[in-house]
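Biologist: I have a model on my screen and would like to learn how to read it. Could you take me through it feature by feature?

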Amino acid sequence: MTRTISLGLRGALWLWMSACIWGAFFYAWSDPAFIGQSSRILFFHVPMAWTSFVAYFAAAVWSAGYLWGGRQARHDRAAAAAVECGVLFGVLATITGSLWARIEWGAFWNWDPRQTSIVVVLLFYGAYLALRSAMADREVRARISSVYALIALVVTPFFYFIVPRITESLHPEPVINAERKLDVDPRMFYVLIGSSLAYMALFFWIHNLRSRAQALADAQEDELP
Amino acid sequence: MELGGLGWIFAVNLIIWTGLFLFLLRLDRRIAGLEAGKSR
Amino acid sequence: MPSPTSHWVASARAVFAKDWRCELRSRYALNAIGLFAVTTLVVTSAALGPSGSNQAMAINVLPAILWLILLFAAAAGLPRVFVHEEESRTANALRLAATPSALFAGKVAFGLSLLLAIEALVAPLYLAVMNLNLASPGLFVGALVAGGYGLATGSVLIAALASQARGRSTLFSVLAFPVLMPLLLLAIELTRNSVAGDPAGPALPQLLLYDGTVTIAGLMLFPAVWNP
């Protein structure tokens, strides 16, 4: 019964994501403010960036859950898997962003504040993964890396204030601007939101698989003499 | 279909997504199988 | 019966005094940080010459180099504060002797006093050899103190994490630099303003906010690092 439901959910995700891809190319307008059809990458780039931030936040929540929720190994596995997914989506967002920058700004990389911030965040979570690989004992690794994930959560918001002062940004305004008014065409907005939901569902699926695979690997390690 | 046109790039995206989907589905089945083997 | 607060202060002070006594015996960190800072200072000033008279250099480049010297000096010496406890196998004795937050406070006080001593040595020397004139010396000292505090606190917290892992010294830099980067950018901005004579601007409250955030995060998270 649960098996049928979960298969149904996965099928629905396939349909939903496919519909979003169709919508990105045929339903939404191409924003005339941008060169050619380049605005369509928005429907892939922005959801990836949002998903990576959701993943980092989820990693911090699971880390706090590990430290103050009875030190259960499954929380640590979930945090590590979330960071891995966050880095994956973050790298994809960086690549799609710099493809767009090549078309719109003429160069793949020009240290726009958004580019600086995403690279610093990737450095942070790259350091997290390096830290994990440097500890063999599972309990110590879980404890220390949970602390590091929480430090990352409190330190990274500072970049939001600091980096824009260093160089001026050419990055388009966030979709919902300061006056809380919708700044985009409604069709673009629908596809963007739909696509973001699809990417987050994909994140939770990949995350679930990664955590379960790690649980199996840990259990196998325990069986070794 | 024009190479590099919207239809073409849509098809490429759909193929990549379907491939990823099938890969994840297979992975899910394998992990579920291993989990069932563990509990027995 | 002493009150809990005075007990906490007493154990933090005892950790601080013990670290300084060990340090004055071996002078490991003082020598490492001090010599490192002076060596890099000599190299950069030999390469650049007394470039402080060039206004663009003085404002854009020299404050950044000063803070990079301090960052690498801190990275050369501060990881020791926990590594030497693990190496001399005194970590467990410390676990019994002091509560984690008091231990953290004592270690931060030690790291901070060490770093301020190095700053007191390096900063005047740097101003002299670079021929750098300060428009507002008070802001410069403020930037050194507020920046030094964040640098010491962040480094001590990361040192505690890194001391638990293999490859401690390399790992320390990898872990610490993203954490310290906002601090460094803010301190450089403040130092620039002090050279140019501009008001402190939003960088000062943000630097103080960073210091406060790292202190609170350290006090909350350090017990989890320290106690198995």
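**Loops, helices and contacts**

Modeller: Start with Asn131(C), which is found in the loop between helix H7 (100-130) and helix H8 (137-162) of chain C. Helices here are DSSP runs of H or I with at least four residues, strands are runs of E with at least two, and both are numbered from the N terminus. Residues are numbered from 1 along each chain as its sequence is written, and chains are lettered from A and ligands numbered from 1 in the order in which they are written. The model is predicted: local features need pLDDT of at least 70, side-chain atom pairs count only at pLDDT 80 or more, and totals for chains, interfaces and linings use all residues.

Biologist: What is phi of Asn131(C) near?

Modeller: The general idea first: most residues other than glycine have a negative phi. Phi of Asn131(C) is near 55 degrees, a positive value in a residue that is not glycine.

Biologist: Is Asn131(C) exposed, partly exposed or buried?

Modeller: Count other C-beta atoms, placed from the backbone, within 10 Å of the residue's own: 20 or more is buried, 12 or fewer is exposed, and in between is partly exposed. Asn131(C) has 15, so it is partly exposed.

Biologist: Where does Arg71(A) lie?

Modeller: Arg71(A) lies in the loop between H2 and helix H3 (73-104) of chain A. It is not a glycine, yet its phi is positive, about 50 degrees. Arg71(A) counts as partly exposed because it has 15 C-beta neighbours inside 10 Å. Gly70(A), which follows H2(A), also has a positive phi, near 90 degrees.

Biologist: How far apart should the ends of helix H2 of chain A be?

Modeller: The expected span is 1.5 Å times one less than the number of residues. Helix H2 (residues 42-68) of chain A has 27 residues, so it should span 39 Å; its end C-alpha atoms are 39 Å apart, which agrees.

Biologist: What does the secondary structure of chain B come to?

Modeller: One helix and zero strands. Of its 40 residues, 0% count as buried. Take Arg26(B), which lies in helix H1 (residues 6-39) of chain B. Arg26(B) is exposed, because 10 other C-beta atoms lie within 10 Å. Its C-alpha atom is 32 Å from that of Gly5(B), 21 residues apart along the chain.

Biologist: Which chains share the most contacts?

Modeller: Two residues are in contact if their C-beta atoms, placed from the backbone, lie within 7 Å. Of the two pairs of chains in contact, chains A and C share the most. There, 22 residues of chain A are in contact with 21 residues of chain C. H5(A) gives the most to chain A's side, with nine residues. By class, that side has 21 nonpolar, no polar and one charged residues. Nonpolar means Ala, Val, Leu, Ile, Met, Phe, Trp, Tyr, Cys and Pro; charged means Asp, Glu, Lys and Arg; the others, Gly among them, are polar. Chain B and chain C do not touch, and their nearest C-alpha atoms are 30 Å apart.

Biologist: Which residues have the most contacts inside the largest nonpolar core?

Modeller: Such a core is a set of buried Ala, Val, Leu, Ile, Met, Phe, Trp, Tyr and Cys residues joined through C-beta atoms within 7 Å. The largest has 135 residues, and those with the most contacts inside it are Ala59(A), Ala82(A), Tyr148(A) and Leu175(C).
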